[in-house]
Amino acid sequence: MRRFLAGTVLILLMLLCGRYISRAAKSITKSDYKDMICAGGQWLVEAIWNQAHPAENAGMSGSWPDAWGSTGGINDPDPAYRKYNAVKTFYEEHQYLAWYGNEESGQQTPEEPGALASGEAAAGAGGTAQGGETVRGGGAGGAGGAKTESSQDLAAGAGGTATSGYQGPNQSLETITGTLERPITGNTYVLEQLMDYDFLIKHFYSVHTSTTAGRDLMNAKDLLSRDMTMKGDDSKPQILIYHTHSQEAYKDSGPGQTVVGVGDYLTRLLEAKGYNVYHDTSVYDLKNGQLDRSKAYNYALDGITNILQQNPSIEVVLDIHRDGVGENLHLVTQVDGRDTAQIMFFNGLSQTPEGPIEYLQNPYREDNLAFSLQMQLGAAAYYPGFTRKIYLKGLRYNEHLRPKSSLIEVGAQTNTYEEALNAMEPLSELLDMVLQGNRKDSIIQ
């Protein structure tokens with residue numbers, strides 16, 4: 001103990017005298033001086049930690065720096081110290097995860113360079129993500145906790161009605177709603193295929209480099225056995241539709257023709273099927289009249305949490321977005337002879353390749369995955385080409401509030417507004433299929 005205290009005092013004296021030493025030694029620059037201070041400070045912090053936690057020092061031989069190693073870490077840290085190092089690494093490598101939670105997927109496919117063929121092969125985060133999306137580093141604060149904002153910062157209060165004024169394509173709601181009678185024109189699968197991890201990932205998922213999706217998580221039997229049917233009373237709100245990025249629009253959008261108008265049409269389609277739908281048209285991505293998406297998920301969390309507290313009967317939460325892709329990519333398919341924007345289900349896994357993000361826990365993560373996979377399989381059977389691969393990313397995206405939660409990308413900025421509206425019809429059918437549980441046996445053999 002005395003030797004430790006003596007060494008600590010010696011280091012402090014060296015740091016205090018550094019200023020005068022640097023003046024005397026003109027060859028030592030100001031930058032060198034700062035590096036010396038940082039290195040000494042880091043060693044001192046770790047030395048104090050080691051003194052307070054002697055368990056990890058057991059069996060360590062040799063004197064510093066040999067026993068500590070070139071990185072300043074010890075050879076055999078205890079679990080507490082490993083956790084400390086993990087958090088420190090998170091600070092250094094994944095700061096962007098806390099602040100830049102944008103959900104744009106880019107235009108990647110598994111066949112393109114940089115796309116991941118296996119969730120377990122996910123690379124470390126940082127740099128340029130697959131599909132040309134630039135991951136922005138830095139940002140205020142670290143990973144110790146996501147900054148939250150009070151509800152007073154919301155650009156608009158919860159609730160309200162959509163203002164698009166668009167009445168949808170030239171079909172009546174009665175014509176396009178009701179029991180799904182269309183034949184299977186796409187692919188169906190047997191459970192043994194889906195239980196093959198490599199097959200499942202290759203055919204149904206795109207895994208962003210900010211996360212990893214291992215075999216234990218992506219268990220098709222478990223995900224498909226989860227009951228996603230609606231049990232609520234349709235005399236009360238059952239489904240919440242909202243828009244974290246309400247200003248997302250399309251290439252030919254006019255006034256009010258944003259994803260909020262798309263959500264309004266989906267609301268009316270689901271209501272025509274007998275569901276009680278709450279459409280939250282609040283603006284979460286504008287602040288003081290300026291577009292601000294850096295905290296939109298925080299603002300939206302405040303808003304929809306308030307809605308759910310006032311309407312505990314809500315079982316389904318849908319965040320409707322529009323993706324951002326390369327200008328040469330047009331996400332369109334044909335559904336019943338009409339140009340229809342492709343959609344993409346988006347799941348946040350609340351984990352990086354290093355492990356769970358403790359401050360973004362999601363108790364319903366597997367339920368969220370089950371919800372999107374069951375809809376994806378329905379689309380593969382009845383609407384081939386309508387859905388893109390399910391996108392998995394590292395953050396949570398407010399999908400932790402209900403088991404049946406989904407973020408859904410409807411087309412991209414290169415789609416027309418009508419193509420996006422057309423997509424709501426098959427989407428409403430897929431939702432109804434899963435919530436009623438009336439087609440599961442036909443798509444899984």
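This is a predicted model: local features need pLDDT of at least 70, side-chain atom pairs count only at pLDDT 80 or more; totals for chains, interfaces and linings use all residues.

**Entry 1: the aromatic cluster**

Four residues, Y297, F346, Y391 and Y397, make up a single aromatic cluster. In the structure I find seven aromatic pairs. For the pair of F346 and Y391, I noted ring centres 5.6 Å apart and planes at 45°, so I wrote it down as tilted. I needed the cut-offs for that word: planes under 30 degrees apart are stacked and those over 60 are edge-to-face, with the rest called tilted.

Where do the two partners sit in the chain? F346 belongs to strand β9 (residues 343-348) and Y391 to strand β12 (residues 390-393), so the pair, 45 residues apart, links distant parts of the chain. I then checked each residue for burial. F346 has a relative accessible area of 0% and is buried. Y391 is buried too, again with a relative accessible area of 0%.

Is F345 buried or exposed? It is buried, because its relative accessible area is 0%, and the limit for that word is under 20%. The C-alpha atoms of F345 and Y391 are separated by 6.4 Å, though the two residues are 46 apart along the chain. Leaving out residues up to four places away in sequence, I listed what F345 touches: S372, M375, Q376, T387, K389, I390, Y391, S406, L407, I408 and L427.

**Entry 2: N398 and its polar contact**

Next I went to the loop between β12 and β13 (404-412), which is the place of N398. N398 counts as buried, at 7% relative accessibility. What does its side chain reach? It reaches the backbone oxygen of Y297, at 2.9 Å. I was pleased to meet Y297 again, as it is one of the residues of the aromatic cluster. Beyond its neighbours within four places in sequence, N398 is in contact with Y242, Y297, A300, L301 and I304.

I looked at α11 (residues 365-382) against α12 (residues 417-436) and noted an angle of about 120° with the axes 9 Å apart. That angle makes α11 oblique to α12. The crossing of this pair is right-handed. On the α11 side, the contact uses F371, Q374, M375, G378, A379 and Y382, while α12 brings L430, L431, M433, V434 and L435.

Then I turned to helix α9 (residues 259-272), which packs on α12 at an angle of about 35°, with the axes 9 Å apart. The crossing of α9 and α12 is right-handed. From α9 I wrote down G261, V262, Y265, L266, L269 and L270; they meet Y417, A420, L421, M424, E425, L427, S428 and L431 in α12.

I cross-checked two names here. L431 of α12 takes part in the contact with α11 and also in the one with α9. L427 of α12 meets α9, and L427 is among the residues that F345 touches.

**Entry 3: D234 in its loop**

D234 lies in the loop between α8 (220-225) and β2 (239-242). I have D234 as partly exposed, with a relative accessible area of 47%. Its C-alpha atom is separated by 9.0 Å from that of V277, 43 residues away along the chain. With neighbours within four places in sequence set aside, D234 is in contact with G274 and N276.

**Entry 4: positive phi values**

I looked up two residues other than glycine with a positive phi. Phi of N288 is near 55°, and phi of S350 is near 55°. N288 lies in the loop between β4 (286-287) and β5 (290-291), whereas S350 is placed in the loop between β9 and β10 (351-352). Which of them is buried and which is exposed? N288 is exposed, with a relative accessible area of 76%, but S350 counts as buried at 6% relative accessibility.

**Entry 5: the whole chain**

To finish, I took the overall counts. The chain has 13 helices and 13 strands. Of its 445 residues, 51% count as buried. Among contacts between residues at least 6 apart in sequence, 82% join residues at least 24 apart; the pair of F346 and Y391, 45 residues apart, was my example of a link between distant parts of the chain.

Notes:
Residues are numbered from 1 along each chain as its sequence is written. Side-chain values use heavy atoms; hydrogens and water are left out. Rings of Phe, Tyr and Trp (its six-membered ring) pair if their centres lie within 6.5 Å; planes under 30 degrees apart count as stacked, over 60 as edge-to-face and the rest as tilted. Helices (H or I, at least four residues) and strands (E, at least two) are DSSP runs, numbered from the N terminus. Buried means under 20% relative accessible area, exposed over 50%, partly exposed in between (1.4 Å probe, protein chains only). A polar contact is a pair of N or O atoms within 3.5 Å; within protein, one must be able to donate a hydrogen and the other to accept it, and residues adjacent in sequence count only if both atoms are side-chain atoms. Contact means heavy atoms within 4.5 Å. Axes are lines fitted to C-alpha atoms, for helices over the stretch in contact, and angles run from 0 to 180 degrees between N-to-C directions. Angles under 35 degrees count as roughly parallel, over 145 as roughly antiparallel, 65 to 115 as roughly perpendicular and the rest as oblique. A crossing is left-handed if the near helix is turned anticlockwise from the far one by less than a right angle, and right-handed if clockwise.
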